[in-house]
Amino acid sequence: IMEKGMELPVLLITQGVLFPEAKIKVPIRSKNNLAMLDRFVLNRSIASKTLILVAYRTETEKKVYDVGTVAMIEQVSCFSSSTFTQYTLHIVGVSRAKILDYALPVSRVKQIYSTGEVPEENEMELYEIVKKFTQSLNRDESITLSNAMRHKIPERHVDEVADLVASFIPRLGYEKQLEFLATVDVPTRVEAVMEWCKKHLESNPPRPPRSMSPPQGISLVDLRENGRRRGRMIRNNNEEPQSPIEKLASKLEAANLPDDVRDRVMEDLNRVKSSGGNGQESSMLLNYLEFVADLPWSTMTKDDVDIKKARQLLDDSHEGMENVKKRVLEYMAVRSLRDEGSDKAMAGPILCFAGPPGVGKTSVARAIAQSLGRKFERISLGGIRDEADIRGHRRTYIGAMPGRLLQAIRRAKTRNPVILLDEVDKLFSGVHGSPSAALLEVLDPEQNGAFMDHYLNLPFDLSQVIFIATANDLSTIDGPLSDRLEIIEMSGYSTPEKIRIAQKHVLPSQLETHGVCPDYIRLPPEGLQHLVSGYTREAGVRQLARQIASLCRHAALSIAEAVNSNSQADCLPDFSLPIVYDREKIGDVLGPATFGDRSLDLVDRLKSGFRPGMVFGLAWTPYGGELMLIEGVASNTKSKDGKGRVMMTGKLGEVLKESVDVARSWINANAERLGVESLLSKDIHVHLPAGAVGKDGPSAGCALVTSLFSLASGRLVRSDTALTGEVSLTGLVLPVGGIKEKVLGAHRTGIRRLLLPEANRQDASQIEQSIKDELEIHFVRDLDEVLQKMMTPSSFVLSKL
């Protein structure tokens, strides 16, 4: 059966590996393991002798290892008190297994058979080493291992002996244990066990057998006297524990400091020794030297660049973003091919992921670190106003501290980590200097080879560090700092992309976070579509994750009420598993939809109440594209009070106010040709709602011209159309930025007809084809073409086109 594949319930653990023939005790704490125990073990008449699959979750890749252990339950122990109940499984390993199809709570596995034969001389060497290794263990472990191997060694079960001994080796890393479990070749496993035992015996020699009687010719009185004499000799020879200064000197020697740094550090150490460690200056120097000793002056991690693995990691963790993935893979390919022995080769671009919140900027940076096999550290720069946060404080100040960069390197314990400079666009200049200016030296490959932190006051090499920055709004980054960054724009997600992200990533993650078994909840495609379109209108997926988390909490509460009830009468009458969250169920849990098909939706109300002077424009924000309403009102044409004044409200910026002036001037200059009255005799009021939010930029030029023309002609603008584009004084439509975000924002709000500048046709080609199929996009070159397409069909006829 195991050769063809077999389905087994899954016990998921994150530390400690069960080898065949070995035994462990596993406390059951997580929700998934409790669900497995309740469903497949406790409800059976014979709880023991049940076969299960022990699966292992890796810490670095955050996924389940593809090799597990088929184990048999020997005993289920339970400890119960008034506050909680604790179950513990006593299991024994049966065989290795390849996980063919991982799922919770049941996975399909196939047994793995060992291969290869060990020469007889190697077997005998293994048995001798195992005997010495057994004697080096403590008494309980030694007895347990001896009893377990009593019937193995005479029968020459060398593969079983290797597995059994590996389970007793102390301080064996989790990754090494998983690698040993996945090893099929028996000679390789035997060699690994022999090597581990030898390393253990070097620091823990076998204990000689204890004798209750003294050697011949020596009395117990003599032994006691010799012990006292030896104790006095140790005290007289100053064999006492090292002082803090001596320990610090040993750490500095082991730090492998560069030659130009060693001399200066030793001078400070000698000053501490001469003062005996007393005094305020000595205390400050001790803290400083401790920091110097903790820095990784020569420790580096070796890059393990696997492009295929990196591509798979990016595809599994991020949906869409093909251009971003392509640039990241190119970046990693260059690092894998260039000559790392050359200093010039190490200088590379500083990537900066720019886009709205929630699109995966930080997770892409973390994926780069995982693909390279480097340590990852994140530095949040949001709101920093003090240069000392980057460069550190000088040691002359009380409470001086090193900068955040060196603190991150100290935590990473390596000289070449991946450091994420998060929210680099939110640095501000204050009375204590400019943090963005302090970053110039850090991000310049020509200068950061000898970075000088004010606290350290010693040159530290940052050239091996990979810096990655993130930003929401590129306009707030200083020019010199922006020049050092290679900008990679990450736009928002479309509705189909959000649905795929929710199915592949968000829903499984939230189920695991809230302890809900995947078998207990169902979110059909129509329900997920309603959740995305009716309850979220954002560029990223954070709000979508919050809504799915609300559904998971509702499911957890329903299950808990049903399970913990004392009688059937207390159970929910309509409770059944799985809980299906269709359109109606989502409305009951989350309430009425905020967006989508609601009749009271703002956009629908505006469409039904369109008046002359109203038009939909498209705006770009750091949080994604948005639909922007522009309203214009003119004074009565029969009134003699009009003096051509213009009032602008809505917290408009200077550029946007100038766009209003340009639009008004173009209408007045072309009034006769267009067949409308001039606006010189009218008082105009232009307003952009959401007056508490600042607005600026030239991309509203086309929309402003359309609004003013609607006022001058008294005609309506098409309410199903939105547009964007800058205008010149002669009527040309100029390109603007953020096309993809603006198109996605219009699509989210239900607008299906758009006018874009002809010069932005290439930018529109990057939009997903499924989105473009639902839109009617027109590209325009001048304002005459804009007015033709924006006004209602019977609005006007241009006289001179």
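Predicted model: local features only at pLDDT ≥ 70, side-chain atom pairs only at ≥ 80, totals over all residues.
Local features need pLDDT of at least 70, side-chain atom pairs count only at pLDDT 80 or more, and totals for chains, interfaces and linings use all residues. Residues are numbered from 1 along each chain as its sequence is written, and side-chain values use heavy atoms, with hydrogens and water left out.

The structure holds 29 salt bridges (a side-chain nitrogen of Lys or Arg within 4 Å of a carboxyl oxygen of Asp or Glu). One of them joins Arg39 and Asp519, at 3.2 Å from N to O. This pair links distant parts of the chain, 480 residues apart. Arg39 sits in helix H1 (residues 31–41), Asp519 in the loop between helix H19 (495–513) and strand S14 (521–522). Helices (H or I, at least four residues) and strands (E, at least two) are DSSP runs, numbered from the N terminus. Arg39 is partly exposed at 42% relative accessible area, and Asp519 is partly exposed at 25%. Buried means under 20%, exposed over 50%, partly exposed in between (1.4 Å probe, protein chains only).

Arg189 and Asp163 form another salt bridge, with the closest N and O atoms 3.4 Å apart. Arg189 lies in helix H6 (residues 186–203) and Asp163 in helix H4, so the bridge ties together parts 26 residues apart in sequence. Both residues are buried.

Met149 is buried, at 7%. Its C-alpha atom is 9.0 Å from that of Val165.

Finally, Lys251, Glu290, Asp294 and Arg410 are linked in a network of salt bridges.
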